Amino acid sequence: MRAIIYSFIFVFSFSSSFAQSPITAQKLDLTYRKFFKNINPKGTKRGVVVASPSKSSPDYFYHWTRDAALVMRVVLKEFQQAKSPRLRKQLFNLMDNYVEFSRENQLVQDVDESLIDPRYIMGEAKFHVDGQAYNKPWGRPQNDGPALRAVTLIEFAASLLSVPGGLDYIAKKLYRPELPAHTVIKADLEYTAHYWKMENFDYWEEVKGLHFTTLMAQRKALHLGSLLARTLGDKKASQYYGEQAIAISKMLNKFWSPKLKRLKVTLETGGDLRGKTSGLDVASLLGVLHSEIPKSSYSILDPRIQSTMVQLKSSFQKIYPINHVGLPATAIGRYPEDIYDGVGFDGGNPWFLAIHAYAEYYYRLAHRFVLDKRVNLSQLDKDFLKDLSFLKVNLPRKGELRPESKEFMALIKALVKEGDSYLKRSEIHSNSQTGSMAEQINRNTGYMRGARDLTWSYASLLTAWQERKKLMQRLPELRR
Ligand code: NOJ
Ligand code: NOJ
């Protein structure tokens, strides 16, 4: 069945492409195949997304709540765009399986209570592929998981609102007002609304504290949750979720250091920061990409994320030898102090998903400008502008750019080229025959490292590609 899914999607995706694409048709095809292979592979329960097929050194053959939520967003987008009823049905089934398995995770019974506090079961980072609890020591809870999952499923619910039978499906499996919650979204929202102030482990499962990225996901979940609750007549909950989202917004502002001009990814809560003194982390960018709310603080347009990106990039430019050999763009890692090498602790490396995140950011910023039909120059970070290597015109320091001006188009083109250079960079380190991408890239040799065929590596490439495609559809001028 999956063979049919990707061949369908593939034809549809590439037809809207154009000559200067940074990814070949073949690469895109391979990526879709690899991606779908990790959804419900042999030996796993329906609805499982494995982080990687690798079962040892490292063992990533689990369903991670975080990875799965981000992966299923890609499936959801394909579902929303699918034209053929047959493809739509197949993609719907994948989403439905994910809904079922997620609910099962929330209700998991075989929990070792000396390790896992049942109150925080929603924050379990990962599950066995048969749905059993992971009863071994691990960083827990990780509260980004339920928030990211809620966002994916709320967007799924939103796309069902106006289709025949959609409301019934939502009420049956996704959201009902009753408490205690009996539906997956409601349970995630209740958990998130009650516990967002609690210290928990970060995206990288290492540091306990309050994290920018996690709070971004929680704010987005509660914001969207508030809208969904209102649509479904759950008035009180709508108000409560909305209030919590606003409170999180206030907290989020504390992560900005005006002195350093950067976001600090974790607030120093007295916990062990594991040597992460700079506060720089690509997770801050992921927080924006995965969870921005347009027109709110820390949207794509926020100069605070831009200046953080420039500083992060320049630190990786310095510390990774593979960035000194004249390859396009900069290979990006998680954070400068990282020592996890994908198997052990021999030093941090660039990650595919981090490189894709930079590409996605440039595309989305350009897309934002195109949708707004204006660029507010005084709102752009100056260092970020200076860092755009493909920008060939001088921009005024203040004021606005309008689409008619040659500067506007020059800026858009520069952003697209910048994004493309990151996708080309990722391509160089992947396997050109098979399209495979692991988790990391060896900082000295440029060869792949760590978990092979990391699903999130594929998902992040497809997401960046989708963003580029959306932008290009609006830009006939650029296609020439
Ligand atoms: C595995 C985690 O998933 C990874 O993020 C972390 O760096 C290593 N364990 C070391 O704690
Ligand atoms: C390690 C990463 O740090 C974490 O974010 C991810 O969830 C797991 N690997 C599984 O891919």
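Which helix lies across β3 and β4, and at about what angle to β4 does this helix run? Helix α8, made of residues 212-231, lies across these two strands and runs at about 55° to β4, where lying across rests on contact, meaning heavy atoms within 4.5 Å.

## Basis of the model

This is a predicted model, in which local features need pLDDT of at least 70 and side-chain atom pairs count only at pLDDT 80 or more, while totals for chains, interfaces and linings use all residues. Residues are numbered from 1 along each chain as its sequence is written, chains are lettered from A and ligands numbered from 1 in the order in which they are written, and side-chain values use heavy atoms, with hydrogens and water left out.

The helices (H or I, at least four residues) and strands (E, at least two) named here are DSSP runs, numbered from the N terminus.

## The sheet

Strands of a sheet pair through backbone hydrogen bonds, either parallel or antiparallel. In this model three strands form an open sheet in the order β3-β4-β7, with antiparallel pairing. The strands β3 (200-201) and β7 (266-267) stand at the edges and have a single partner strand each, so one side of each is left without a neighbour in the sheet. Two strands are said to pair if DSSP finds at least two bridges between them.

Strand β4, which covers residues 208-211, pairs with β7 in the antiparallel sense over two bridges; here Leu-210 stands opposite Leu-267 in β7, and His-211 stands opposite Thr-266 in β7. The pairing of β3 with β4 is likewise described as antiparallel, over two bridges, and Asn-200 stands opposite Gly-209 in β4. The hairpin of β3 and β4 has six residues between the strands, and in this hairpin Glu-205 takes a positive phi near 60°.

## Two helix pairs

Two packed helices are described by the angle between their axes and the distance between the axes. The axes are lines fitted to C-alpha atoms, for helices over the stretch in contact, and the angles run from 0 to 180 degrees between N-to-C directions. Helix α10 (residues 282-291) packs with helix α12 (residues 352-372) at an angle of about 45°, and their axes are 10 Å apart. That makes α10 oblique to α12, since angles under 35 degrees count as roughly parallel, over 145 as roughly antiparallel, 65 to 115 as roughly perpendicular and the rest as oblique. From α10, Val-282, Leu-285, Leu-286, Val-288 and Leu-289 meet residues of α12 that include Leu-353, Tyr-358 and Arg-364. Sorted by class, this contact of α10 with α12 has ten nonpolar, no polar and two charged residues, where Ala, Val, Leu, Ile, Met, Phe, Trp, Tyr, Cys and Pro count as nonpolar, Asp, Glu, Lys and Arg as charged, and the others, Gly among them, as polar.

Helix α3 (residues 65-81) and helix α15 (residues 455-473) pack at an angle of about 40°, and their axes are 9 Å apart. The residues of α3 that meet α15 include Arg-66, Leu-70 and Glu-78, while those on the α15 side include Trp-456, Leu-462 and Lys-469. By class, the contact of α3 with α15 has six nonpolar, four polar and six charged residues.

## Two residues of helix α11

Gln-317 is found in helix α11, which spans residues 303-319, and at 28% relative accessibility this residue counts as partly exposed. The cut-offs are that buried means under 20% relative accessible area, exposed over 50%, and partly exposed in between (1.4 Å probe, protein chains only). If residues up to four places away in sequence are not counted, Gln-317 touches Asn-323, His-324, Ala-329 and Thr-330. Gln-317 and Ile-332 are 15 residues apart in sequence and 8.0 Å apart in space, C-alpha to C-alpha.

Ser-315 also lies in helix α11, but Ser-315 is buried, with a relative accessible area of 14%. Between Ser-315 and Pro-336 there are 6.6 Å in space, C-alpha to C-alpha, and the two are 21 residues apart in sequence.

## Backbone details in the loops

A cis peptide bond with omega of about -5° joins Arg-140 and Pro-141, and Pro-141 is found in the loop between β2 (126-127) and α5 (144-160). Another cis peptide bond, with omega of about -5°, joins Leu-179 and Pro-180, where Pro-180 has its place in the loop between α6 (166-174) and α7 (184-195).

Lys-295, in the loop between α10 and α11, has a phi near 70°, a positive value in a residue other than glycine, and Lys-295 is exposed, with a relative accessible area of 84%. Lys-373, in the loop between α12 and β8 (375-376), has a positive phi of about 55° although it is not a glycine.
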